Amino acid sequence: MTSHGSSGSGSGASTPGGGASQLGGGGARRLRPGFVMLGILLVAANLRASITAVGPVLDQARADADLTAIEASALISVPLLAFAVFSPIMPAIAVRFGLERTIGASLVVLAAGIISRSVPGDVFLWSGTLALGAAIAAINVLLPSVLKRDFPHDIGRLTGVYSALQSAFAAASAGLAVPIAGLSDSGWRLAYGIWAGLAIIAFAVFAPQMRRPGTTTLEMRAVQAADEPPRGRSPWSQALAWQVTVFMGLQSTIFYVVITWMPAIEQSVGFDAFTAGWHQSAFQVCGIVGTLTAAGMLHKWQRDQRIVVTIYSLSSALGILGVLTSPSLVLLWIGMIGFAQGGLIVLALALFGLRTRDHRAAASLSGMAQSIGYLLAAAGPLAIGAIHDATGAWELPLMVMLGVVAVQFVCGVLASRNRVLR
């Protein structure tokens, strides 16, 4: 979730008018490109850690806070609903207040939300969860635009670096959750709350960039204008747009169901919480491999991506089937699912540009797919939790996940054909 700014000259950032400017303005003009990039990377490190910390100690949180399975799964679903609601409005806020100031404010909200989620009391739990979701939605939308403006000739490499960094911190938060939670009876609160420190550190390093004038990019204004009538037909009336949207939504559904419930599934067949937590780390690491592999595949198959969606969907289906039939090899199966999810999200995001004729159509398709897609993804953990509550077992939820992968595959094949929106 895009002159050379990182060369050390400090003068490579493109302005919306097409000229060149120093990195920053006013007091921020003296910032070195390396320091600017460090701030961007630290901000990116916050995009998954507070969410992936939830699953490994979800059972402890359920018991201590007296939550049902559905309520517990909402700790993942509520941030996804916030993504769907807040993502479309963030470009307009950034145009009004500036990219850096909006990102900086979002880091403050993120830290406050993480802390609030960790404080005893239902009001704090749910208000904090909603706040952190809104903050991550803002950063998710705005950070690529900062990267595009300040490092326009290094987008591919730097986007890969910050995507890998997201996954690395997601892996660390999943792996460390159980050891941290084991420090006390209510240690899950510390396991969730400790990641506020990462947001505070990121704000401290990023804060000097907030002194620059409130600038936006052509890309940000294009996203803001995505709800204007496109040159062609609206994506909402086209089957291809719905195929892309459902494909992305169901891919995200599997990802968030796995990070929510796979630790509980593992513990139900005899794995301890510590091992299940580190398996979540392996899931994230394999996702990095899938991401990098998909980038190479998409470079080779730029017109038709059906072979790409087939490879990754097969890996996802085999992984889930393996968990269902041979749970003793769960690390292998989790690795296969993680590899698949890393590749499929790259394909889903690439389809916004591959299936459209221009940037306005791409922005319009992106807005539709991410809004509806995150709504679908938010329903996934809730539905799986409800099925588990009703049956008291994980077999039927895993079979439902296989069905989701099958529908995702069909939509992905249709969306990957060499066509564009009208």
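**Close-up views of a predicted model**

The protein's secondary structure comes to 17 helices and two strands; helices (H or I, at least four residues) and strands (E, at least two) are DSSP runs, numbered from the N terminus. This is a predicted model, in which local features need pLDDT of at least 70 and side-chain atom pairs count only at pLDDT 80 or more, while totals for chains, interfaces and linings use all residues. Residues are numbered from 1 along each chain as its sequence is written, and side-chain values use heavy atoms, with hydrogens and water left out.

**View 1. The whole protein and its surface.** Of the 422 residues, 54% count as buried. Here buried means under 20% relative accessible area, exposed means over 50%, and partly exposed is in between (1.4 Å probe, protein chains only). The accessible surface comes to about 16200 Å², and 67% of that belongs to carbon and sulfur atoms. Such areas come from the Shrake-Rupley method with a 1.4 Å probe; for residues, only the protein chains shown count as cover.

**View 2. Helix α1, residues 33-44.** How far apart are the end C-alpha atoms of α1? They are 16 Å apart, which agrees with the 16 Å that its twelve residues should span at 1.5 Å a residue. The expected span is 1.5 Å times one less than the number of residues. Nine of the twelve residues are buried, so α1 is largely enclosed by the rest of the structure. Among them are P33, M37, G39 and A44.

**View 3. D66, between two helices.** Look for D66 in the loop between α3 (58-65) and α4 (69-86). Because its relative accessibility is 68%, D66 counts as exposed. The phi of D66 is near 55°, a positive value in a residue other than glycine. Most residues other than glycine have a negative phi.

**View 4. Aromatic pairs.** The structure holds eight aromatic pairs. One of these is W188 with Y192, an edge-to-face pair with 5.3 Å centre to centre and 75° between the planes. Rings of Phe, Tyr and Trp (its six-membered ring) pair if their centres lie within 6.5 Å; planes under 30 degrees apart count as stacked, over 60 as edge-to-face and the rest as tilted. W188 and Y192 are separated by about one helical turn because they are four residues apart in helix α9 (residues 187-193). Both W188 and Y192 are buried.

W261 and W394 form a tilted pair, 5.5 Å centre to centre with 45° between the planes. W261 lies in helix α12 (residues 239-268) and W394 in the loop between α16 (359-391) and α17 (395-415), so this pair ties together parts that are 133 residues apart in sequence. W261 and W394 are both buried. Elsewhere, F255, Y256 and F283 form one aromatic cluster.

View 5. S315 has its place in helix α14 (residues 306-325). Is S315 buried or exposed? S315 counts as buried, because its relative accessibility is 9%. Its side chain reaches the backbone oxygen of M336 at 2.8 Å. Leaving aside neighbours within four places in sequence, S315 is in contact (heavy atoms within 4.5 Å) with M336, I337, F339 and A340.

**View 6. L176 and G277.** L176 is found in helix α8 (residues 155-181). With 36% relative accessibility, L176 counts as partly exposed. L176 and G277 are 101 residues apart in sequence, and 7.4 Å apart in space from C-alpha to C-alpha.

Key
A polar contact is a pair of N or O atoms within 3.5 Å; within protein, one must be able to donate a hydrogen and the other to accept it, and residues adjacent in sequence count only if both atoms are side-chain atoms.
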